[in-house]
Amino acid sequence: MRCVRWLSVLAAAMAVFAASASGAAEPDVIQGSPILTVLPMDAIPALDNPKYVPATEADRFMRPDEPVLGITDGKTAKAYSAWQLNHHEIVNDTLGNLPLAVTW
Amino acid sequence: MYVRPTVEGKPLNFGVSGKLWKDALIMYDRETFSLWSHVTGTAVKGKLSGMRLRLYPAIHTTWTEWKQLYPDSLVLDKRSGLGLEGTRNVYDTYFANPNQLGIFGTENPDTSLPGKEFVIGLTLDTVAVAYPYRHLSRQPLVNETVDGRAMLVLFSTESATGVVFSRKLANRTLTFTNLRREGKNLVIDDVETKSTWRALSGEAVRGRLAGTRLEQLPSTVGFWFAWKGFYPDTLVWKP
């Protein structure tokens, strides 16, 4: 549940968009909470066709305490750096034959 | 972590809509442009409105702990045409500031816990339940039955890793005890068969049940204020 992290980084850009949005139509309200547009669609690019390396090789770019999101189906295990996921938010991936949206 | 559902014969692909709802990401799917809440996994607008994504169990941990659990793991490659991606946490100032809750100044809806307390959050059939890290640090092994589900919650204080398993194995309900490190591995025993299990993967490594595996239940890690905002009726576990 990655609430608001990317937005805090982009606060300045957001303020501009929020200002322009406020002049536009009323936002959609779902269950009493508005859906707010703060960035253009795909301004943060989801990752398609992800590439992997074995754990031994990943040691070259992963730090020991780096937070990761990990999954396994009992056969294959895959890890995603949380710092890297910040740049994409979503990875359209598969585990075995199961299509997954990697996100948190 | 969600399973991408098949719609009209092919799995949906998701993108970042640039929209926010309740201070959290709204995804869209490229096939129907429906909007999906990232937190609840429910389509809130568009053709697929009301559809709910199935969670897939994942674990939030450190690279060191993960590698210890799964030495043959694959890892998302950081090398791209633009150099290495994600060499630091771009949100570290947000994480470090206890007073900044969300970008629009969200209030902590329940000050019995600090807004930025990390919790393990779980949604069951009829209830949501939160396990605050501060409580898990004091009691890192929890045998629970919530909403009719016999569950095991485990926490590694060293790597701030929380994981939830079902305690049901075939027709038996197990009870776990004695969380400890054996070498680099965090292990537990079950009371009923005295088998020894790797705590974070749920795999029995010694004893009568060696080779079997507990079912991991999908849980998430989030800030308390956000969890409570989405699940106002959430239960909160205390030791």
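**The largest pocket**

In this predicted model, the largest pocket holds about 760 Å³ of space (the volume filled by probe spheres set on joined grid points). A pocket here is an open set of points on a 1 Å grid where a 1.4 Å probe fits, with protein on both sides within 12 Å along at least five of seven lines; lining residues have an atom within 4 Å of a point. Its lining runs to 35 residues, and B:Arg52, B:Leu55, B:Leu122, B:Thr123 and B:Tyr231 sit closest to the centre. Strand S12 of chain B (residues 118–123) gives the largest share of that lining, 3 residues (strands are DSSP E runs of at least two residues).

**The second largest pocket**

Next up is a pocket of about 380 Å³. Of its 19 lining residues, those nearest the centre come from both chains: A:Pro67, A:Trp104, B:Phe95, B:Phe118 and B:Ala160.

**Salt bridges**

Over all chains there are 17 salt bridges (Lys or Arg side-chain nitrogen within 4 Å of an Asp or Glu carboxyl oxygen). A:Asp48 pairs with B:Arg30, with the closest N and O atoms 3.1 Å apart. That pair crosses between chains, loop to loop.

Within chain B, B:Arg181 meets B:Glu158 at 3.2 Å, N to O; these two are 23 residues apart. B:Arg181 is partly exposed at 30% relative accessibility, while B:Glu158, at 55%, counts as exposed (buried is under 20%, exposed over 50%, partly exposed in between, using a 1.4 Å probe on protein chains only). There's a network too, linking B:Arg180, B:Glu182, B:Asp189 and B:Arg206.

**Ground rules**

Residues count from 1 along each chain as written, with chains lettered from A and ligands numbered from 1 in written order. Local features need pLDDT of at least 70 and side-chain atom pairs 80 or more, while totals for chains, interfaces and linings use all residues; side-chain values use heavy atoms, without hydrogens or water.

Technical notes: Helices (H or I, at least four residues) and strands (E, at least two) are DSSP runs, numbered from the N terminus.
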